[in-house]
Amino acid sequence: MDNRALIRAFRLTAQLMELHEENPFKIRAYEGTANALEQLTVPVADLDRTGLPDRTGLSKTAAAKVAEMLDTGSFEELTRLLAATPPGVVELLKIKGIGPKKIRSLWKELGIEGAEQLREAAQNDEVSKLKGFGQKTQQGILEALDFTDQSRGKLLYPQAEELAHDLLTRLQATAGIAEAAVAGEVRRRLETVETVGLVAATADPAAAHTTLNSLDGLTPDPRRSGPFAWRGTATASGVKVEVLLVAPAAFTNQLLLSTAAENHLAEALHETPQPGQPATLRQWLKREQFATEPALYERAGLQYVEPELREGLGELALARENKLPTLLEDADLRGSLHNHSTYSDGSHSLREMATFLQGQGYEYLGICDHSQAAHYANGLPPERVRQQHREIDELNQELAPFRIFKGIESDILSDGSLDYPPTVLETFDFIVASVHSNLKMDERKATTRVLRAIENPYTTMLGHPTGRLLLRREGYPLDHKAVIDACAKHNVIIEINANPYRLDLDWRWVRYALDQGVQLSINPDAHHTNGYADMRYGVFMGRKGGLTKDMTFNAKSAAEVAEYFAKRKAGIKPPLEFKDSLFG
């Protein structure tokens, strides 16, 4: 059991206690345990049980519960609360935007014990009549239920990748498997995955079936399976699993067939038909067997297309002209921008965030704690900004040549203005402007709000453009073309927020941004030193959109980034309405 599972268990306990209106001091204690676990960098499961209090900073009582969770999969309080709560009510706690107090009202006053009952009550206008709800809350619940339904049976990419590689390891250890590989949506690095696919080469498909049927956590579907295909679901998530079993000679062909989107396989290879030549990749795969995927593309007269690009979105036209770019690699990144520390809602101090990143071989850190309007995230008032800047100056002297850049994640307020007056904004090296509140605007209002922030001369970078949380909530609607065009006009960088729940800017808009000359930055939005590892997911999304090293802002050196920030600040001419606050 990893730290994340422990954190989820203690947060669930706090939610259940709030649901049952139990002692608020105990609720805060469980939330505190979850927060303490979030700050740890060492896997708790690897620690000696008797040494947990000393190694984790937890109280003896909390450490005992952690030890019990590690050893048994639960602890007494959580077991008691789950036994007292209908399973459907526990599931309601997962729906974004409905807290334990509201769920208690729904459960106790309307007898609702599951999502379908809740939907029916809302559709019958029963929910709005409860105290503290109303029509707006009722409509929000219906929207949240619809989004939850759409997300059912899907996994975030990291979860799907973990499942796929676990299955791959099991297959590779199975007698008779000559070769195996992850395919499908996972290999194409889609941000959410509906089917985890693998291909295995074997002369004994029955052995693979035996292995897969015996695995805990998988539910076979015999009706959809056959001698050369095992199909089923991952029991916990409901995500589909498909393993295709082929003869060794057919492995490469099947791997490509199982990886590429249908549009990639079916797209015409030439503008005019070539006599005697297959017209599509699918036809080539039917005609010949290939030892490697590059050999297929070469035979078809194409530049090799990386797996994540095989979506049928114009990549074959570029491959025909040998114009596919050299895609960004993890090793190209030289720094991490947009990160949080304990100054706002991060788990680690500024020093810890900086030295950890330095130890990973990076050149710089951009610290972007929340601005003052973000009260929920301990946003920084001006005096705390000054305190942080003094600490950054001291750390920069100590850690040189490693560099910490003074940034802030400034809230984009409802009218599109940035948090803080210009006298504070001008003290930062760079500013990431992000929307965090009032997410229910229509597309016109939401776009106007973001466009005004982009036009602000202090905005260096646009953070997580839609505010989406994958499989949790939809982002606010934006006219992406207008937003990207404005970033091009005002020389504003757009981040690809690499947090697996965000991955925002959506990769489908990356190519358009690049065509307009907009630089992108792979930002982990790290609130914990572990968060830096998320940058790889941002790289994957950038690669899907054709992102190159040259167009990636944080592939620049520390010196280049410093020069860019300095030149941009030097060119700022504050609008007239700013003058009073600047010179007053």
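Reader: Why is Q388 called buried?

Author: The term buried means under 20% relative accessible area, exposed means over 50%, and partly exposed lies in between, with a 1.4 Å probe and protein chains only. Q388 has 1% relative accessibility, so this residue counts as buried. Its place is in helix 19; helices (H or I, at least four residues) and strands (E, at least two) are DSSP runs, numbered from the N terminus. Leaving aside residues up to four places away in sequence, Q388 touches S341, Y343, L350, I367, D369, L380 and G407, where contact means heavy atoms within 4.5 Å.

Reader: What are the numbering and the values based on?

Author: Residues are numbered from 1 along each chain as its sequence is written, and side-chain values use heavy atoms, with hydrogens and water left out. This is a predicted model, in which local features need pLDDT of at least 70 and side-chain atom pairs count only at pLDDT 80 or more, while totals for chains, interfaces and linings use all residues.

Reader: How do you know that the length of helix 1 agrees with its number of residues?

Author: The expected span of a helix is 1.5 Å times one less than its number of residues. Helix 1 (residues 3-19) has 17 residues and should therefore span 24 Å; its end C-alpha atoms are 24 Å apart, which agrees. Just after helix 1, E21 takes a positive phi of about 55 degrees.

Reader: Which residues of helix 1 are buried, and what covers them?

Author: The buried residues of helix 1 are N3, A5, L6, I7, A9, F10, T13, A14, L16, M17 and L19. Their cover includes helix 2 (24-38), helix 4 (60-72), helix 5 (76-83), helix 6 (87-92) and helix 7 (100-110).

Reader: What makes a set of residues a nonpolar core?

Author: Such a core is a set of buried Ala, Val, Leu, Ile, Met, Phe, Trp, Tyr and Cys residues joined through side-chain atoms within 4.5 Å. In soluble globular proteins, nonpolar side chains tend to be buried together. Here the largest core has 90 residues, of which V196, L365, I404, L520 and I522 touch the most other members. Helix 10 (residues 157-172) gives the most to this core, with 7 residues. Apart from it lies another core, of 46 residues, including L6, Y30, I103 and L118. The contacts of L520, not counting residues up to four places away in sequence, include I493, L505, L547 and F553.

Reader: Why is L471 called partly exposed?

Author: L471 has a relative accessible area of 25%, and therefore counts as partly exposed. Its phi is also positive, near 65 degrees, and L471 is placed in the loop between strand 12 (461-462) and helix 22 (480-489).

Reader: Which peptide bond is cis?

Author: The bond from A400 to P401 is cis, with omega near 10 degrees. P401 belongs to the loop between helix 19 (382-399) and strand 10 (403-411).

Reader: What makes a space a cavity and not a pocket?

Author: On a 1 Å grid over the protein atoms alone, a cavity is a set of points where a 1.4 Å probe fits but cannot get out, whereas a pocket is an open set with protein on both sides within 12 Å along at least five of seven lines; lining residues have an atom within 4 Å of a point. Grid points are joined across faces, edges and corners, and a volume is the space filled by probe spheres set on the points. By this rule there are 2 cavities of 30 Å³ or more. The largest cavity has a volume of about 70 Å³, and the second largest cavity about 30 Å³.
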